[in-house]
Amino acid sequence: MSGLLVGAVFGAVFVVVNAQEPLGGAVAAVLRVLAGLAAASVVAMWFVAVRRERPVRERGPRPNMFGKGYLVVVAAEAVLLFGGLRVLAAWGVPAQANVAWVAFVVGVHFVALAPIWKDWAIAVPGAVLTVLGVAGLVMAATAGLAWVPFVSGVLSGAVLLAGSVTFGWKAIRSAPAGVPVRA
């Protein structure tokens, strides 16, 4: 559930930061409120999962998800993320494209983690974020530049939030009390 919590927080940040013009003020406000509610629901599910797992923790350690493969992917993500933003700036690409690059790199990071964690469910939002990032990068060179934060930011955030809520809800509903929730 901790991964879903992280996904929900980043999803909410994507929406809150990027819900801006050309969206109307009321639409942006509604999107921000919905993102906050979705993130809050994942936080609530996380607390339920933690309460259910307490007795199980005494049975032994959980498998380490943060081993060498994870560290390599995260290091590559950091280099690509910050290096790519500097390259975009050096090339004079409009600042709106930054969120597209972030969505692209985060999406690729999920796809890369899927085989390492042996969890192909995270490849789906990863692929969607990758596509939304590419779409935003393409749009940055067109008259659709103003919509890049919506396409690559708000929609990416919505994907992360929807995935976190959906998988969190499934995990909570399917795990009986005393059984660890591993979403």
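Colleague: Which residues of α3 are buried?
Modeller: This is a predicted model, in which local features need pLDDT of at least 70, side-chain atom pairs count only at pLDDT 80 or more, and totals for chains, interfaces and linings use all residues. Residues are numbered from 1 along each chain as its sequence is written, and side-chain values use heavy atoms, leaving out hydrogens and water. Buried means under 20% relative accessible area, exposed over 50%, and partly exposed in between (1.4 Å probe, protein chains only). In α3, the buried residues are Val73, Glu77, Leu81, Gly84 and Leu88.

Colleague: Which helix is included in the cover of those α3 residues?
Modeller: Helices (H or I, at least four residues) and strands (E, at least two) are DSSP runs, numbered from the N terminus. What covers the buried residues of α3 includes residues 97-117, which form α4.

Colleague: How far apart are the end C-alpha atoms of α3?
Modeller: The expected span of a helix is 1.5 Å times one less than its number of residues. Helix α3 covers residues 68-90, so its 23 residues should span 33 Å. The model agrees, with its end C-alpha atoms apart by 32 Å.

Colleague: What is the distance between the end C-alpha atoms of α4?
Modeller: Helix α4 has 21 residues, so at 1.5 Å a residue it should span 30 Å. Its end C-alpha atoms agree with that, at a distance of 30 Å.

Colleague: Which helices do the buried residues of α4 pack against?
Modeller: The buried residues of α4 include Trp101, His109, Phe110 and Leu113. Contact means heavy atoms within 4.5 Å. The packing partners are α1 (2-18), α3, α5 (123-139) and α6 (148-174).

Colleague: Which residue just after α3 takes a positive phi?
Modeller: The phi in question is about 75°. The residue is Gly92.

Colleague: Which residues does Asn18 touch?
Modeller: Asn18 lies in helix α1. Its relative accessibility is 9%, so it counts as buried. Leaving aside residues up to four places away in sequence, it touches Val99, Pro149, Phe150, Gly153 and Val154.

Colleague: Which residue does a cis peptide bond join to Glu21?
Modeller: The omega of that bond is about 15°.

Colleague: How much accessible area does the nonpolar patch with Val30 have?
Modeller: Val30 is in helix α2 (residues 25-57) and is partly exposed, at 48%. Areas come from the Shrake-Rupley method with a 1.4 Å probe, and for residues only the protein chains shown count as cover. Val30, Val33, Leu34 and Leu37 together have about 380 Å².

Colleague: How many aromatic pairs are there in the whole structure?
Modeller: Rings of Phe, Tyr and Trp (its six-membered ring) pair if their centres lie within 6.5 Å; planes under 30 degrees apart count as stacked, over 60 as edge-to-face and the rest as tilted. A search of the whole structure gives this number of pairs: six.

Colleague: What kind of pair do Trp46 and Phe47 form?
Modeller: Trp46 is partly exposed at 23%, and Phe47 is partly exposed at 47%. Their ring centres are 5.0 Å apart, with 75° between the planes. The pair is edge-to-face.

Colleague: And what kind of pair do Trp147 and Phe150 make?
Modeller: The ring centres of Trp147 and Phe150 are 5.8 Å apart and the planes lie at 85°, so this pair is edge-to-face.  Trp147 is partly exposed at 38%, as is Phe150 at 22%. The kind asked for is edge-to-face.

Colleague: What is the pattern of the protein chain along the sequence?
Modeller: The chain has six helices and zero strands. Of its 183 residues, 38% count as buried. The pattern reads α-α-α-α-α-α.

Conventions. Patch = residues over 30% accessible without salt bridge, like charges linked within 9 Å, V, L, I, M, F, W, Y side chains within 5 Å. Salt bridge = Lys/Arg side-chain N within 4 Å of Asp/Glu carboxyl O.
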